[in-house]
Amino acid sequence: MASRGRRSVPRIAAGPRDDAAWAPLLARVVVATVTCGFFFGGFVGLVQSTRLSTTAKGAALAMLLTLVALHMRNCVRPADGSRPRGWVWTLGAQAVLTYLPMTWFHDTWYGNPGFLAGAALLLLRPAWAGWVGFAAVVAVQVPVGLAVRPTVVEALYLVFGQAALVGLAVYALAGLTDLVAALAATRTALADAEVARERLRFTRHLTDGVGASLTRIVERGEALVAELRECPERARAALTEALAEARGAMTEVRAYAHAHKSVAGTPPPAIAVEPTPRAVSVLRVVILVLIVVPLPVRMLAASHYSPARQALFLLLLAGFVALYIRNCTPAAAGRPRGWRWTFAAQVALAYVPLVVFDAKTWSLGLFLAGIALVLLRGPWRVLAVIGFACHDLYFGTWSPTALDHVYHVVWILERAALVYGLVRMADVARALNAARAELAAVRVARERLRFGHDLHDLLGFSLSALVLESQLALRLADRDPESAAERVAQGLTMARQALADVGTVAGGYRGMSLAVEARSARDVLAAAGMAVEVSIEVGALPVGVDTALATVLREGTTNVLRHSDARRCAITAAVDPCGEVVLVLTNDGVRAPVGPAPTAAGMGLGSLGRRLAAEGGTLSAGVVDGGFRLAARIPGRTPGRVPGEEPTEPVRG
């Protein structure tokens, strides 16, 4: 059986979803519990020693407890994986207490170097230094093992079955726990990066298409104004070209907006998985092999079986290890496919060969508790783990005393916790990577929807106004060149606004002002020949409320221009007695609908309703008394104006 030294199993995280927040706390609890269980072997060895006096046992116990504290200090790290303060001194003290007491307690202290090997891997940096330290500790374990167990097989068991196993287990579980914490912390960072990449793509498309068209319109606009005043006939062709370009930009915006509102085919973003699946798989396989193989091989070497029986032994052992690795491989469904059959086969391989081999040599039943902990759920898990943990009570091959029985139950549970922690942490890391990819895909899809809506809400207004001004200028070019020039100048203002909105759409909504939009709407509607009445008396508004109402007004104005033959339009905004801001836009000239009656969503106001809902508001739209009425209500209470923000001036006209 294994020596009664100490082994450590850091950090088992909670679950793959919201449990990530519990991973650091739960990891600390588990590592403390399991470490104490591993050190229990050293405690049993000291208690049962017949060579040591009571005073020597007391001194040895005090040093063992100090070694436990140093190990906890060195290996139970913060969630970010940082090294503890003064780690150089605590690692040095752990090295001294690992080897110096062997001078006096060599027959009970030889199991402790594995913890030092794990601490070296975790604390020494860069990585190659940690592996050098690990290799040095494992190499020193060879002469230590030969001093305690003067056969090569027994010494190799102490090297691989204890020092190497414990060191890799400490490193793997602590490293995977750190990975879980890092993945949980960077879930939103990945989504933010994907959204930024998508915005960059939006910006390039708009800049290359709509932005280029608007830039050409602005660049030629000033010359066109002067040319209209000097030679209207020559300017007419340039004005026709500018109108066509404005219409083309508006068509492109509409097409691009509709394309981005459909996100069903949006592929999930590619992400980098760290550490690589190959590295995790290799480490898991190596540790599982070190858990299972050394003990039965050690017992086989001490047996007197014939070569044929030894070959059968090794063949059955290989089959058991293969099933062990398969059952401990994380899967998307949580457990590998066909796990019931493979678990049953593994139990059969653990006990059926006892017909051929004695229980002490064929001791694979000792490792079934870990598989039960990984595969079973609910009460069956508890019952199976308890049953397999009492393996040696049934066969009585290792435990001549009651304390030995307790020790071997603890030993089995140590291995079970190690297997469960290794598999669980790898599974949590895989699930968190999948969650990061899913979150990023959802955020990108939302950004595409936002982009499509903002294209419609922001650029739709500016481009509609630009097309309107260009049409009016073209009509006036022959009979009133001066008025046509004024229309072109106003169109240039709209073009510049649209060009500015290109960056706004790509970066997200800026803070908009209801008062500013009311003035702009009044000017645009009046330019279209409507009689406009405006009354905006709302005072200072929170930025979110102000932006939402300004956006509603801009979209409503666009709809009046595009979907009505209005001659009169009224815009009012006021605060009602309940503290809600009420914005109302009404117009006559409602066109007879073609097909189903229009709704708010059908007219492109659905996204605005969602914006208002985000601020606690509502939106309604429909025909009332022969005219069209668009109304938005939203809570407008604000604790005070933001420092530096000017109050909204009343707008009347």
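Reply: Start with angles. Those over 145 degrees between N-to-C directions count as roughly antiparallel. Keep in mind that this is a predicted model.

Me: What makes H3 and H5 roughly antiparallel?

Reply: The axes of helix H3 (residues 87–99) and H5 cross at roughly 160 degrees. The cut-off is over 145 degrees. H3 and H5 are therefore roughly antiparallel to each other. Their axes come within 9 Å, and the crossing of H3 past H5 is left-handed.

Me: Which residues of H3 and H5 meet?

Reply: From H3, Trp87, Leu91, Gln94, Ala95, Thr98 and Tyr99 take part. From H5, Pro113, Phe115, Leu116, Ala119, Ala120 and Leu123 meet them.

Me: What makes helix H5 mostly covered?

Reply: Buried means under 20% relative accessible area. In H5 (residues 113–123), 11 of its 11 residues are buried. Among them are Gly114, Ala117, Gly118, Leu121 and Leu122.

Me: Why is Gly365 called buried?

Reply: The limit is under 20%. Gly365 has a relative accessibility of 0%, so Gly365 counts as buried. Gly365 lies in the loop between helix H13 (339–351) and helix H14 (368–375). Leaving out residues up to four places away in sequence, Gly365 touches Ala350, Tyr351, Phe388 and His391. Gly365 and His391 are 26 residues apart in sequence, yet their C-alpha atoms are 6.7 Å apart.

Me: What makes Glu517 and Arg554 a salt bridge?

Reply: The rule asks for a side-chain nitrogen of Lys or Arg within 4 Å of a carboxyl oxygen of Asp or Glu. For Glu517 and Arg554 the N to O distance is 2.8 Å. The pair links distant parts of the chain: Glu517 sits in helix H19 (residues 514–527) and Arg554 in helix H20 (residues 543–563), 37 residues apart. Glu517 and Arg554 are both buried. By this rule the count comes to 4 salt bridges.

Me: Glu533 also forms a salt bridge with Arg568. Why are Glu533 and Arg568 called partly exposed?

Reply: Partly exposed runs between the buried limit, under 20%, and the exposed limit, over 50%. Glu533 has a relative accessible area of 43%, so Glu533 is partly exposed. Arg568 is at 47%, so Arg568 is too. The closest N and O atoms of Glu533 and Arg568 are 3.1 Å apart. Glu533 is in strand S1 (residues 531–537) and Arg568 in strand S2 (residues 568–575), 35 residues apart.

Me: How do you know that Glu580 and Arg633 tie together separate parts of the sequence?

Reply: Their side chains meet in a salt bridge, at 3.1 Å from N to O. Glu580 lies in strand S3 (residues 580–587) and Arg633 in strand S5 (residues 627–635), so the pair ties together parts 53 residues apart in sequence. Salt bridges that share partners join Asp576, Glu580 and Arg633 into one network. Glu580, at 24% relative accessibility, counts as partly exposed. Arg633, at 34%, also counts as partly exposed.

Me: Which residues have the most contacts inside the largest nonpolar core?

Reply: Ile291, Val292, Phe320, Tyr324, Leu364, Phe367 and Val419 do, in a core of 90 residues. Helix H7 (residues 152–185) gives the largest share of this core, 12 residues. Another core, of 61 residues, lies apart from it, including Ala235, Leu476, Val534 and Ala632.

Me: What is Tyr324 in contact with?

Reply: Setting aside neighbours within four places in sequence, Tyr324 is in contact with Leu288, Val292, Gln346, Phe367, Gly370, Ile371 and Val419.

Note on methods
Residues numbered from 1 in each chain as written. Predicted model: local features only at pLDDT ≥ 70, side-chain atom pairs only at ≥ 80, totals over all residues. Heavy atoms only, no water. Helix = DSSP H or I, 4+ residues; strand = E, 2+ residues; numbered from the N terminus. Buried < 20%, exposed > 50% of the residue type's maximum accessible area, 1.4 Å probe, protein only. Core = buried A, V, L, I, M, F, W, Y, C linked by side-chain atoms within 4.5 Å. Contact = heavy atoms within 4.5 Å. Axes fitted to C-alpha atoms, helices over the stretch in contact; angles between N-to-C directions. Parallel < 35°, antiparallel > 145°, perpendicular 65-115°, else oblique. Left-handed = near helix turned anticlockwise from the far one by under 90°.
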